[in-house]
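Subject: Handover of a structure

Dear colleague,

Please find below the structure that I am passing on to you, with its sequence. My findings follow directly after it.

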Amino acid sequence: DHKSIVLNNEIYITFSTVGDQDLYLFKTDINGNRIGSIVPVITGSTYPTNDMILTTDGTYIYVLYFDPPSQHRVQKYDQNLNPVGTTFSTTTLNHNNIGNAIFNSNSFYMFTGDLFGNNTNLTLTKWDNNWNPLSTQNILASSSGDGNWFATGVVYDSLNQRWYIGMNHIYSSQNLGQEHIDILAFDNSFNLIERLHTTPSNYT
């Protein structure tokens, strides 16, 4: 698995290797030419590193990876990929390790499921700019045992004050591997405006 972001006309990429024990970070120019070395975030992890989160506050790069049961380990980097401070753990707010986070209005907004698979609510956990917990909110409840998670596509439209989220959805009658992608539109208070079922089954 991998995640990427663009900041100041450079591309930052974090990726996990086969076995999900090692996690790395590197950057390229906007044309994909690598700048500098590949930096190890963690090697030999006893917990899976494949469902990582990569985000930025506009100054620093943050790599998050799973810290069971419902936390993330967070490592902060400057734009030259030098680590800043030491790796720390988020204080528990109920969320799983699969999703995405973006920085808006001086806070990090993390979108995940509260669980994984069926009977899962789509959850927003909000953190200040030092990753101290602020609040948690279920923004899409499970209906009849369905599942809402893996919200890796997240965009905030500041002009219209709308949040757009792409996520996995699975019906209670289906098994993992049969999920599809839904796209959600929320207002600034996370009231659901529209929901589109965009793919057939077996898409993630």
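In this predicted model, the largest nonpolar core consists of 15 residues. The residues with the most contacts inside this core are Phe111, Leu122, Ile139, Trp163, Ile165, Phe186 and Phe190. Two or more core residues come from each of the strands β10 (107-113), β11 (122-128), β12 (133-140), β13 (147-157), β14 (162-170) and β15 (180-186). Strand β14 provides the largest share, with three residues. Apart from this core lies another one, made up of 14 residues, including Ile5, Leu25, Leu54 and Ile61. As general background, nonpolar side chains in soluble globular proteins tend to be buried together.

Is Phe111 buried or exposed? Its relative accessibility is 0%, and because buried means under 20%, Phe111 counts as buried. Which residues does Phe111 touch, once its neighbours within four places in sequence are left aside? Its contacts are Ile98, Gly99, Asn100, Thr123, Leu124, Ile139, Ala151, Val154, Trp163, Ile165 and Phe190. Among these partners, Ile139, Trp163, Ile165 and Phe190 are also named with Phe111 as the residues with the most contacts inside the core. A further distance concerns Asn97, which is 14 residues from Phe111 along the chain: the C-alpha atoms of Phe111 and Asn97 are 9.7 Å apart.

I turn now to the chain as a whole. Its secondary structure comprises 16 strands and zero helices. Along the principal axes, the C-alpha atoms occupy a box of roughly 50 × 40 × 35 Å. Of the 204 residues, 47% count as buried. Considering the contacts with a separation of 6 or more, 40% are made by residues 24 or more positions apart.

Regarding the surface, the accessible area of the chain is about 9600 Å², and carbon and sulfur atoms account for 46% of it.

With kind regards

Key. Residues numbered from 1 in each chain as written. Predicted model: local features only at pLDDT ≥ 70, side-chain atom pairs only at ≥ 80, totals over all residues. Heavy atoms only, no water. Helix = DSSP H or I, 4+ residues; strand = E, 2+ residues; numbered from the N terminus. Buried < 20%, exposed > 50% of the residue type's maximum accessible area, 1.4 Å probe, protein only. Contact = heavy atoms within 4.5 Å. Areas by Shrake-Rupley, 256 points an atom, 1.4 Å probe, with all protein chains shown as cover. Core = buried A, V, L, I, M, F, W, Y, C linked by side-chain atoms within 4.5 Å.
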